[in-house]
Amino acid sequence: MGSHDDMTGDAMDTAVHDAERVARRDDAVRAAVEQGLLAPGSPLVGLLDVTGIRESAAALRAAFDALVAPGTPVLHAFAVKATPLVPVLRLLREEGIGAEVASPGELALARAAGLRPEMTVLDSPAKTPAELREALALGIAVNADNPQELDRIDALMRSATSRSPLGIRVNPQVGGGSIEATSTATATSKFGVALRDEGAREWVVRAYQDRPWLTRLHAHTGSQGIPLSLMAQGVAAAYALAEEINRRIGRRQITTLDIGGGLPVNFASDATTPTYAQYARLLGEAVPGLFDGRYGLVTEFGRSLLAKHGTVVARVEYAKSAGGRPVAVTHAGVQVATRTVYAPGSWPLRIGAYDGKGRPKEGPAVVQDVAGPACFSGDLLAEGATLPLLEQGDHAAALDTGAYYFAHHYAYNSLARPGIYGFTPDGAGGIDFATVREAQSLDEIVAESGGAHAASLTTLTTSKRR
Ligand SMILES: *Cc1c(COP(=O)(O)O)cnc(C)c1O
């Protein structure tokens with residue numbers, strides 16, 4: 001990064017926001033200990049930075065507003081899977097952000113948060129007839145994933161009218177990134193119509209020619225690990241296809257391009273990079289015409305809106321040494337950081353060290369393992385991390401975990417879902433917390449594990465024997 005003198009205005013804003021976010025996070029960890037959210041009896045919490053979420057939402061809006069022709073409709077729909085929490089969706093709604101949903105559960109969350117159908121987009125790869133019928137009845141935008149799904153939509157459109165904006169999802173097959181599991185535009189990706197396969201492009205063009213109600217085109221070509229240039233290539237391919245379809249039909253039937261989400265997040269430091277402004281400018285250069293007002297736009301960012309605003313904080317229950325290496329045994333492991341524990345090479349997390357009072361820990365950096373509470377040896381939040389030595393009663397914070405982490409509980413060892421709290425500075429040097437989700441109780445764990453059916457298997461066996 002250059003000196004402040006050669007930074008652009010939005011880069012300066014980003015750097016200031018990043019520094020303020022780190023200060024807020026430190027204040028929140030200390031306040032969580034002081035206010036008893038984090039305690040020996042509740043040794044794990046998720047914290048969400050409300051100010052930071054609002055800032056990211058504003059940065060996203062500003063990045064596109066700066067480039068689109070005045071009056072162009074733009075819907076930023078948050079990919080609900082990144083942080084499926086109703087209060088988060090409501091907060092984003094207040095910031096003018098809609099919802100991209102991909103299951104009946106996610107749609108239910110969006111509706112519980114009060115999102116109107118016009119602010120909601122459905123694009124899962126396995127929609128049932130009932131889901132499609134409901135979406136069309138509600139007027140929610142739907143992107144058909146494949147020809148069979150389009151058949152189902154055809155049948156529904158014959159039997160009823162719908163306000164739903166409808167489109168087709170294509171896979172431009174521009175290639176994958178460094179993480180196989182999150183690359184959506186490889187030749188064999190499961191999503192959308194594979195555009196470069198034989199006959200596919202012609203099929204798509206004909207699908208639009210035959211259906212005047214198909215007015216959108218959707219491509220989501222990336223996620224963590226995808227270079228920006230490849231994402232831009234995917235958007236360029238979708239744009240070129242829309243132009244070709246409209247040209248061949250002889251009118252502007254496709255009115256809206258859904259360019260997906262996928263902006264990668266920097267997990268290596270507190271710097272927000274790349275920024276929405278950088279991506280939008282790159283799109284403006286790579287796809288001239290995208291922002292000239294002829295197409296409305298939909299975006300579907302998930303990780304980049306929330307990741308940097310979440311922190312998992314866990315008490316260090318024990319500090320030990322094994323084979324000469326210090327190991328901090330904490331309460332955060334595979335249940336809250338599943339991807340990191342199972343695929344640490346692809347999903348490394350930074351760990352912040354805080355002392356027993358929740359203050360940033362000082363002291364020489366020591367190579368150590370930060371372990372979770374689950375009963376398998378691979379349950380490590382970080383292996384060989386270099387940070388001040390974590391001791392019993394300290395706290396370990398898994399940083400940048402606001403998306404795809406603590407909202408994605410994995411019930412290994414029946415470990416309870418932690419409570420999640422949103423925080424803001426109270427204006428008087430303190431921190432206010434609000435409950436986003438209660439910690440899961442033991443009664444709830446038993447109930448979700450068949451507690452109401454305790455005797456179901458033994459009685460089944462008995463009745464069969466008789
Ligand atoms: C997951 C997903 C997104 C969001 O991806 P991020 O990498 O979290 O921005 C957007 N659109 C679709 C269709 C998705 O499946």
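Reader: How far apart do the C-alpha centres of domain 1 and domain 2 lie?
Author: This is a predicted model, and in it the C-alpha centres of the two domains are 32 Å apart.

Reader: Which residues belong to domain 1, and which to domain 2?
Author: The domain assignment gives 1–50 + 306–441 to domain 1 and 68–301 to domain 2. The contact between them takes 26 residues from domain 1 and 24 residues from domain 2.

Reader: And how much area do domain 1 and domain 2 bury between them?
Author: They bury about 2000 Å², and 64% of that is on carbon and sulfur atoms.

Reader: What about charges: how many salt bridges are counted between domain 1 and domain 2?
Author: The count is three salt bridges. A salt bridge also joins the side chains of Arg25 and Asp270, with 3.0 Å from N to O.

Reader: Why does the pair Arg25 and Asp270 count as a salt bridge?
Author: The rule asks for a side-chain nitrogen of Lys or Arg within 4 Å of a carboxyl oxygen of Asp or Glu. Arg25 and Asp270 qualify because their N to O distance is 3.0 Å.

Reader: Which element gives the most to the side of domain 1 that touches domain 2?
Author: H1 does, with six residues. Helix H1 (9–34) and strand S18 (431–437) each supply at least two residues of that side. By class, the side of domain 1 that touches domain 2 has 13 nonpolar, four polar and nine charged residues.

Reader: Changing topic, what does UniProt place at residues 73–306?
Author: The unreviewed UniProt entry places the feature "domain: Orn/DAP/Arg decarboxylase 2 N-terminal" there. In the model, residues 73–306 are 38% helix and 16% strand, and the end C-alpha atoms of the span lie 24 Å apart.

Reader: One more topic, the backbone: is the peptide bond from Thr273 to Pro274 cis or trans?
Author: That bond is cis, with omega near -5 degrees, although most peptide bonds are trans. Pro274 sits in the loop between strand S9 (256–258) and helix H9 (276–286).

Reader: And what phi does Asp400 have?
Author: Asp400 has a positive phi of about 60 degrees, although it is not a glycine. Most residues other than glycine have a negative phi. Asp400 lies in the loop between strand S16 (395–398) and strand S17 (419–425).

Terms used:
Residues are numbered from 1 along each chain as its sequence is written. This is a predicted model: local features need pLDDT of at least 70, side-chain atom pairs count only at pLDDT 80 or more; totals for chains, interfaces and linings use all residues. Side-chain values use heavy atoms; hydrogens and water are left out. Domain bounds come from an automatic or database domain assignment. Contact means heavy atoms within 4.5 Å. Buried area is the accessible area (1.4 Å probe) that two parts lose on being put together, summed over both. Helices (H or I, at least four residues) and strands (E, at least two) are DSSP runs, numbered from the N terminus. Ala, Val, Leu, Ile, Met, Phe, Trp, Tyr, Cys and Pro count as nonpolar, Asp, Glu, Lys and Arg as charged, and the others, Gly among them, as polar. UniProt positions are given in the numbering used here, feature names are shortened, and annotations may be inferred rather than shown by experiment.
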